[in-house]
Amino acid sequence: MNTYEFMRTLVFYDLPIKTNKDKKIYRRFRRILIKNGYTMIQYSVYSKILNNRDAAKNHIKFIKKNAPNKGNIRVMMITEKQYANIKVIVGGKSFIENKLTIEPFVLF
C-alpha cells in the first residue's frame, strides 16, 4: 500500500443523552469532530479525508484523547478508494458528501 494514499477516517458513536450533563458531553464531542473537519454522513457517523495513513492514525489518537468516558465510539480507517465503493441502499449521498471527495485535493 502506498504510504501517501488518501485515507478516510470514519467515526461511529452512540453516547448517552439522558441527563443535561450527558447532552452537554454529546454536543461537545460532536462540535470537536466538526471543528476538526469531520462531516456527518448519517446521525452519529462522521467522516474525514486525510492525506495518508500516518495522518489517519494521528486522528484516531485525537479521537481517543477527546472521547467521553461513557457511550460507544468506534473508529475505522479505510482508503479513499474503498470509501468510494460504498453502496447506498436506501436514500442517497448528501450534498456535502458528494462535494467532499478526493478530487479537490488533486493537484496538477
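S47 lies in strand β3. The model is a predicted one, and every value below was computed from it. With a relative accessible area of 3%, S47 is buried, because the cut-off for that term is under 20%. The side chain of S47 makes a polar contact with the side chain of R8, at 2.7 Å. Beyond its neighbours within four places in sequence, S47 is in contact with R8, T9, L10, G37, Y38, T39, I41 and Y83.

The phi of S44 is near 60°, a positive value in a residue other than glycine. S44 also counts as buried, at 14% relative accessibility.

One of the contacts of S47 is T9, and T9 sits in strand β1. T9 is buried, with a relative accessible area of 0%. Setting aside neighbours within four places in sequence, T9 touches Y38, Y46, S47, K48, L50, A56, I60, V75 and M76. T9 can also be placed relative to T79: the two are 70 residues apart in sequence, and their C-alpha atoms are 8.6 Å apart in space.

Next, the helices. α1 has 16 residues and reaches 22 Å from its first C-alpha to its last, close to the 22 Å expected at 1.5 Å a residue. Which residues of α1 are buried? They are D22, F29, I32 and L33. These four cover an arc of only 100° around the axis, which puts them on the same side of α1. An α-helix has 3.6 residues a turn, so residues three or four places apart point the same way. The face of α1 turned away from the buried side carries the exposed residues N20, K24 and K35. On the buried side, the cover includes β1, β3, α2 and β4. Just after α1, G37 takes a positive phi of about 90°; G37 is also among the residues in contact with S47.

α2 (residues 53–66) can be read in the same manner. At 1.5 Å a residue, its 14 residues should span 20 Å, and the end C-alpha atoms are 20 Å apart, which agrees. The buried residues of α2 are A56, H59, I63 and N66. Seen down the helix axis, they fall within an arc of 85°, so they line one face of α2. Which elements do these residues pack against? The partners are β1 (7–14), α1 (20–35), β3 (45–50) and β4 (72–79). A56, one of the buried residues of α2, is also in the contact list of T9. The face of α2 turned away from its buried side holds the exposed residues D54, K61, K64 and K65. At the start of α2, a side-chain oxygen of N52 comes to within 3.1 Å of the backbone nitrogen of D54.

These pieces can now be set in the chain as a whole. The chain has four helices and four strands, and along the sequence they follow the pattern β-α-β-β-α-β-α-α. Of the 108 residues, 30% are buried. The chain exposes about 8100 Å², and carbon and sulfur atoms supply 55% of that area. How many of the contacts between residues at least 6 apart in sequence join residues at least 24 apart? The share is 72%. The pair T9 and T79, 70 residues apart in sequence, gives a sense of separation along the chain.

Last comes the confidence of the prediction. The mean pLDDT of the chain is 87, and 82% of its residues reach 70 or more. Confidence is highest in α1, at 97, and lowest in helix α4 (residues 95–99), at a mean of 64. The description of α1 given above, with its buried residues D22, F29, I32 and L33, therefore concerns the element where confidence is highest.

Methods: Residues are numbered from 1 along each chain as its sequence is written. This is a predicted model: local features need pLDDT of at least 70, side-chain atom pairs count only at pLDDT 80 or more; totals for chains, interfaces and linings use all residues. Side-chain values use heavy atoms; hydrogens and water are left out. Helices (H or I, at least four residues) and strands (E, at least two) are DSSP runs, numbered from the N terminus. The expected span of a helix is 1.5 Å times one less than its number of residues. Buried means under 20% relative accessible area, exposed over 50%, partly exposed in between (1.4 Å probe, protein chains only). The arc is that of the directions from the helix axis to the C-beta atoms. Contact means heavy atoms within 4.5 Å. A polar contact is a pair of N or O atoms within 3.5 Å; within protein, one must be able to donate a hydrogen and the other to accept it, and residues adjacent in sequence count only if both atoms are side-chain atoms. Accessible areas come from the Shrake-Rupley method with a 1.4 Å probe; for residues, only the protein chains shown count as cover. pLDDT is the predictor's confidence in each residue, from 0 to 100.
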